[in-house]
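Thanks for asking me to look this one over. Here are my notes, point by point, to read alongside the model.

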Amino acid sequence: MQPIHRPRQTQEGSAIALALITTAILTILGTTSFVVIQNRFKLAHQTAAWQEALLPAEAGIDLAVHEIRKNLYVKDLTTVFASPEWTRGEPIADSDNDGQRDAGESYTDLNTNGEYDSGGYSKTVSFGSREASMTVYAEQLNPVTMGKRAEDEPYWRVSSIGTVKLPPAASSVGGEGFDVKLRKLDFRVDHRTGIPLPVLAGQNRPVPQATRRIEAIVKPVSVFRLALFGTESINANNHNPVVDSYDSRDPNKSSYNPSTPWIPGTYLAAKRQQNGDIATNGSVIDAGGAHIYGDAATNGGSVLNADNVTGVITDDFYQEVLPVSTPKAPDGSDLSPSAGTPSTIRGTTVIDATANTVKNVVVDRISLSGGNTLTLQGAAPVNGVVPPTYVQIIVKGDVSLSGQAKIIIGTNVYVRVFIEGNADISGNGVSNTNSPLNFQMYGVDNYRRNAAGEIVKDASGNAIIDYGTIKIAGNGGFAGAVYAPHYDIEMKGGGSTDNVFASFVGHRISMNGVTSVHYDEALADGALVGEYKVVSWFEDNE
Amino acid sequence: MNRLILAHWRSTTSGMTLVETLVASTIVSLAIGSMYVGSMALQKSFRAAQHYSSTHAAQLRVLDYVSLDLRRAFAVKQSNKEITMLIPDYYDRTNPSNIKARHPRVEKGRIVYGNANGVKVRYYIAARNDHTGRAVNDLFREEAGVSRLLVSGIQEFEPGYEDNDPRRQIVKTSITFPPIFRAFAVTDAATKNATATHAATMVRNKREDAALN
């Protein structure tokens with residue numbers, strides 16, 4: 001009979017069971033750790049992708065703004081967005097490659113208005129084998145639907161979607177429900193369009209993605225966005241002048257009455273605003289103790305005697321200066337004067353401005369003295385409202401007003417004066433009861449030219465400029481805007497009640513005896529467009 | 001024959017001496033004790049790491065929410081452990097199943113969508129006791145009067161807030177969720193500094209903070 005070996009068998013069985021239990025525990029621990037770590041890893045990766053998607057989305061806005069800014073240099077809109085990468089309309093799935101959206105072809109509703117839009121321009125840029133991309137759509141907005149006038153420069157609406165692909169294996173979302181609500185990752189269908197995500201070649205399911213959508217509104221900004229802008233310097237070191245602002249369109253910021261919207265508000269000291277900003281592309285502003293109710297900015301320089309500057313003082317300012325040339329006919333030839341207009345103005349003169357079209361006046365000079373006046377006459381009232389009329393005067397020589405002479409601008413008359421010579425506006429100045437926007441004066445660029453008409457350059461290759469002068473007497477009264485980067489502008493006065501309602505852009509600006517410059521903020525929304533600025537930014541995370 | 005078998009069995013199952021038993025018991029006790037202590041430490045460490053990881057993810061989530069709203073806000077204000085802002089009334093929710101973007105317009109020189117006063121968004125905490133009776137906080141995001149829980153059961157929410165940028169366009173926020181496990185006896189301040197998550201966000205729209213008053 002064989003001996004019984006039960007104890008040995010019991011020991012062996014126990015060891016195996018113990019090993020299995022230990023292995024099971026370790027496996028459970030390992031699996032739990034792996035699941036937790038994988039979830040965290042997935043969350044981290046998805047969070048990073050969502051963050052990264054913001055970069056191409058914002059880059060799309062920059063790309064469109066860059067394209068829109070071409071308007072500043074080329075006034076022909078057909079050349080804007082002319083790059084072949086830009087196409088008309090919102091992006092479409094152009095299955096038949098005919099360049100237009102046919103029935104049944106899907107599109108990306110980039111402005112999320114629920115319908116296909118064909119009026120704007122779109123572009124898609126991909127990076128790194130489509131791992132990231134941006135799709136941008138830019139469209140002009142109707143000024144009337146924006147609450148503006150039909151003749152105002154249109155705003156632009158730019159919509160941009162930035163997309164970053166996630167690893168195909170990331171077929172589910174990491175993190176908690178709050179993360180899902182925030183990031184709204186797409187795994188099978190684009191949640192913005194409802195279109196199934198594409199399945200790339202060699203893969204059996206769509207590539208998930210993180211997207212961010214931004215909408216920016218781009219505003220055309222007038223060259224008159226500052227009270228004083230000297231490309232070289234500003235000197236207000238005389239008589240402690242005041243520079244402040246008002247808004248002739250706002251009852252809280254001027255005397256404007258909404259019941260008579262065609263009458264612009266006037267400046268009221270009690271409603272003074274703090275946007276009388278002054279700036280220079282140069283390095284010196286001598287505030288001279290002037291009361292600047294606004295910001296003061298230089299380009300790497302300093303603001304002297306700035307005790308009374310209420311706003312922010314910065315030294316990182318630069319504004320591009322636009323060229324000013326005499327208006328030409330569409331074919332490039334010299335502009336012909338309208339019939340019946342004078343060729344010189346040396347005595348009392350009356351010019352009727354015209355509605356709908358601009359009356360062009362080309363004169364060799366304006367020289368008024370004694371009690372002579374130049375009257376720019378508007379239209380007769382219709383139902384109590386004077387319709388707008390327009391006149392443009394090109395002065396080949398100088399402008400001079402002395403004695404009691406003055407320029408009278410009729411009600412709702414818009415005047416643009418281009419000066420090729422110098423200007424000395426004294427006498428009784430410019431009588432403009434409209435907004436300062438109604439009287440715009442442009443100093444034509446004064447590049448030195450040789451006999452062949454070519455611009456002369458110095459040894460460094462820089463064009464030589466023979467700066468002109470524009471003198472304006474504050475006590476004569478002036479309400480207007482001056483854009484003359486090749487002119488030194490001197491505001492001269494001497495009385496204690498001098499008030500200039502204006503914006504000035506010049507080479508060197510000096511205030512010599514003028515008490516006050518009141519900047520009408522409405523100037524920033526009219527006149528020559530000098531810049532495009534993003535004025536509204538919204539990220540859509542629905 | 002039976003005696004032979006019994007003798008053989010006894011010979012193979014000879015017992016241990018008392019000393020051997022005591023030594024073995026001691027070793028086993030030490031081993032089990034070490035395993036227990038080790039497993040407790042491991043579990044504690046795992047829980048601490050998991051807590052740190054989850055709270056860090058929650059911190060990032062909160063900062064992402066706050067930064068998202070700050071970027072599109074046009075008015076910002078901070079009070080005691082709260083951040084309040086106004087964002088454009090961008091969405092037309094007339095049909096909840098088909099939310100559309102509104103058309104922009106210019107009002108008093110500013111771009112507005114829908115209600116010119118915008119939509120108020122607020123981040124705030126609400127205290128409560130958890131199931132163990134411990135005081136904890138929940139962090140909420142309120143939009144247009146509707147609150148949504150963002151993080152539950154946190155110990156502290158400290159919105160650090162720097163608003164000293166001269167152009168007032170940069171807003172800095174920081175959030176601290178102190179860990180439940182600390183390896184060393186460090187101070188609360190040091191712990192918060194070590195676990196704080198920061199964000200600096202540029203408010204893209206021009207600020208009109210007066211609209212919040």
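1. Two residues count as in contact if their C-beta atoms, placed from the backbone, lie within 7 Å. By that rule, the contact takes 35 residues from chain B and 34 residues from chain A. On the side of chain B that touches chain A, the elements giving two or more residues are helices H1 (2-12) and H2 (18-72) and strands E4 (100-101) and E5 (105-107) of chain B. H2(B) provides the largest share, 10 residues.

2. A word on the source: this is a predicted model, where local features need pLDDT of at least 70, side-chain atom pairs count only at pLDDT 80 or more, and totals for chains, interfaces and linings use all residues. Residues are numbered from 1 along each chain as its sequence is written, and chains are lettered from A and ligands numbered from 1 in the order in which they are written.

3. In chain A, an open antiparallel sheet of 6 strands runs E1-E2-E3-E4-E5-E30. Strands E1 (87-88) and E30 (529-540) of chain A each have a single partner strand, so one side of each lacks a neighbour in the sheet. Strands are DSSP runs (E, at least two residues; helices are H or I, at least four), numbered from the N terminus, and two strands pair if DSSP finds at least two bridges between them.

4. Within that sheet, E2 (121-127) and E3 (132-140) of chain A are joined by 7 bridges. A:Val125 has A:Met134 as its bridge partner.

5. Chain A also has an open parallel sheet of 4 strands, ordered E14-E17-E20-E23. Its edge strands are E14 (349-352) and E23 (430-432) of chain A.
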